[in-house]
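Please look at the sequence and the model before reading on.

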Amino acid sequence: MLFNSISFAIFLPIVFIFYWFIANKNLKLQNILLLASSYFFYACWDWRFLFLLIFSTLLDYYTGLKMAAAKDVGMKKFWFWLSIAINLGFLGIFKYYNFFAESFAQAASELGLQINPWTLKVILPVGISFYTFHGLSYVIDIYKDRIKPEKNFIDYSVFVSFFPLLVAGPIERATHLLPQIQTKRTFNYTKVIDGLRQILWGLFKKVVIADGCAHYANQIFNNSADYSGSTLVLGALFFTFQIYCDFSGYSDIALGTARLFGIELLKNFAFPYFSRDIAEFWRRWHISLSSWFRDYLYIPLGGSKGGTWMKIRNTFIIFLVSGFWHGANWTFLAWGFLNALFIMPSILFKTNRRNLDIVAQGKNIPTIKELSSMIITFSLTVFAWIFFRAESIKHALDYISNIFSKSLFSKPEIFPTTPILLIIFFIAIEWKGREEQYAIARFGFSWPKPLRHAFYYCIILIIFTLAGSNQQFIYFQF
Amino acid sequence: MTNFLKKVLFFLVPIILACVFIDIFITKELKKRPDLVHGEYSTWNDLFDGKINSDIVIYGSSRAWVHISPQIISDSLNTTAYNLGIDGHNFWLQYLRHSLLLKHNRKPKLIIHSLDEVTLQKRKELYNLDQFLPYMLLNKDIKDATASYEGFTFFDYILPAVRYYGKETIILNSIEQYFEPKNYPAKRIKGFGHGIQTLIMLKKR
């Protein structure tokens with residue numbers, strides 16, 4: 001069941017009505033309803049993997065309790081490492097086993113040894129990277145005595161499986177989400193309307209911009225050898241907007257949906273393409289994952305407290321792991337490596353916390369300096385996305401070498417006006433709303449109500465007319 | 001909460017009404033386009049409007065559609081004929097046309113069925129699915145015949161406008177038809193869809 005499907009449009013109001021009308025006065029019933037609907041939501045994708053999700057939930061719940069009850073450090077460590085090993089084991093088997101087996105066989109064949117690796121013929125369980133990281137953060141926090149284990153299994157299961165975040169995040173923390181699950185939630189009209197507005201904007205981003213761009217990005221990337229440099233640049237730009245609108249659109253729908261049930265999820269995106277340097281970009285892109293790696297990997301490794309070499313090492317580790325988290329392909333590692341390179345100057349010269357505010361705050365137009373910084377950062381990001389999208393490192397390198405040819409200055413073979421105009425419209429709205437939680441959070445609030453409603457109707461009409469061919473959310477595969 | 005539901009309903013009513021209006025509008029204008037979807041709309045229109053009423057009907061895939069001329073049969077046998085060949089489809093959709101023929105038209109005296117090696121091989125996807133759009137809403141015959149293919153969802157058959165979602169070209173074609181109606185050259189004559197120009201030239205000779 002995808003967020004942009006009719007099935008979801010029917011599922012959501014049913015759960016909403018049951019939640020607020022029938023289970024309204026009973027927190028326990030509300031949580032049971034959320035859990036049941038979350039499991040139903042997941043089973044609609046593939047019911048067999050529901051058992052894996054329930055097992056993963058049980059494992060972390062049980063080891064959490066065991067760690068808290070452990071009488072000595074040794075036992076605590078045992079339960080901790082057991083949970084980590086099983087969690088990462090599942091992730092490793094489903095996500096990385098084939099990659100390592102095939103890479104090993106390839107390396108062996110380079111040495112003249114012929115190995116036919118045994119590979120798994122199994123699809124990746126959707127959301128496994130996300131719910132595993134939920135569980136890991138919970139277990140680590142208990143081990144580090146930051147939190148106490150949750151005794152109520154239903155509450156803990158909702159924390160792991162809450163359907164808006166189940167398949168593609170945001171990656172929540174127990175400290176943020178569990179207290180909300182345990183607290184009585186009352187209907188809040190303003191919040192619910194705000195949630196609906198965010199869902200609408202997320203849908204627009206996903207089905208109009210992302211799916212519209214996907215068609216051209218796929219066409220250009222899949223036949224990159226046939227196109228001129230200028231078309232390839234356009235292809236990279238289409239993918240840049242596709243991936244942003246696909247993932248942030250998903251996150252908007254997730255946050256908006258959670259808000260309908262009185263739950264606030266962690267913000268995942270903060271207008272990253274308006275960043276003035278790469279460090280700022282990473283504070284604004286997939287925030288829940290970046291902060292996860294910061295708290296559970298970068299800081300335990302020593303963070304930026306050590307010497308220069310330690311900083312460099314930790315930065316590369318965190319970006320390479322982040323790249324690898326996205327998938328078992330060298331292209332993701334190259335993407336992570338490039339981002340580590342891009343961020344390195346600001347780490348070395350300690351300028352990585354220079355741009356903590358919002359660009360051109362309170363103004364309509366940025367300064368020349370701000371604009372040029374944004375363009376440079378955006379260009380670096382586009383360059384790195386080529387590796388992310390390419391099928392292999394060779395494909396990415398060929399793509400780049402074809403860009404930097406004479407044909408770079410020729411007229412592009414593909415120049416679709418409708419998607420380009422839509423992207424311009426989208427950038428304008430995002431720029432206007434960059435100081436808010438999401439672009440249209442307060443858009444048109446000074447207008448008369450009928451005019452504001454007309455704006456929403458326009459967006460619905462654009463979605464109806466210009467929705468691209470249905471594409472699965474990119475981050476479902478991670 | 002009640003206040004919220006009232007407001008949501010108030011917001012949704014225009015959308016629901018618009019969906020019904022959009023559905024009627026696109027459906028009506030689309031049926032007037034014989035140039036689209038390989039000319040299939042003209043054949044479907046004739047089927048549903050009871051305009052086939054021929055003594056001889058021809059069934060089959062594109063092999064029937066482009067190979068068997070009802071005009072030549074009519075001239076030779078001095079009777080009426082119509083070609084119901086459906087491009088890219090096998091027995092299941094050919095049978096749909098047969099059922100609709102019996103439902104909305106006079107029973108034919110003779111059926112010519114063009115068979116080939118894939119007539120009884122069902123394909124997975126619903127080829128050229130846009131041809132069903134103007135006729136499929138709440139139509140049990142079309143639903144029964146097409147639902148087992150990959151293409152439409154359950155809601156496409158029962159909710160207005162849903163099947164036109166994201167079909168930019170189809171929507172633009174119907175708008176164009178409304179504002180700038182043209183006499184599009186027919187792609188089919190009595191369902192026959194190939195060599196029309198040759199046929200006209202032969203007739204002139």
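How many residues of domain 1 of chain A are in contact with residues of domain 2 of chain A? In this predicted model, 16 residues of domain 1 of chain A meet 17 residues of domain 2 of chain A. Three elements of chain A, α1, α7 (163–166) and α8 (174–182), each supply at least two residues of the domain 1 side that touches domain 2. The largest share of that side, three residues, comes from α1(A). Sorted by class, the domain 1 side holds 11 nonpolar, three polar and two charged residues.

The domain assignment of chain A places domain 1 at 6–185 and domain 2 at 190–276 + 355–477. The C-alpha centres of these two domains of chain A lie 29 Å apart.

The contact between chains is described next. Chain A contributes 12 residues to this contact, and chain B contributes 12 residues. On the side of chain A that touches chain B, the elements that give two or more residues are α1 (6–22), α9 (189–222) and α18 (449–466) of chain A. Of these, α18(A) gives the most, with five residues.

The table sets out the classes on the two sides described.

| Side | Nonpolar | Polar | Charged |
|---|---|---|---|
| Domain 1 of chain A, touching domain 2 of chain A | 11 residues | three residues | two residues |
| Chain A, touching chain B | nine residues | three residues | no residues |

Technical notes: Residues are numbered from 1 along each chain as its sequence is written. Chains are lettered from A and ligands numbered from 1 in the order in which they are written. This is a predicted model: local features need pLDDT of at least 70, side-chain atom pairs count only at pLDDT 80 or more; totals for chains, interfaces and linings use all residues. Two residues are in contact if their C-beta atoms, placed from the backbone, lie within 7 Å. Helices (H or I, at least four residues) and strands (E, at least two) are DSSP runs, numbered from the N terminus. Ala, Val, Leu, Ile, Met, Phe, Trp, Tyr, Cys and Pro count as nonpolar, Asp, Glu, Lys and Arg as charged, and the others, Gly among them, as polar. Domain bounds come from an automatic or database domain assignment.
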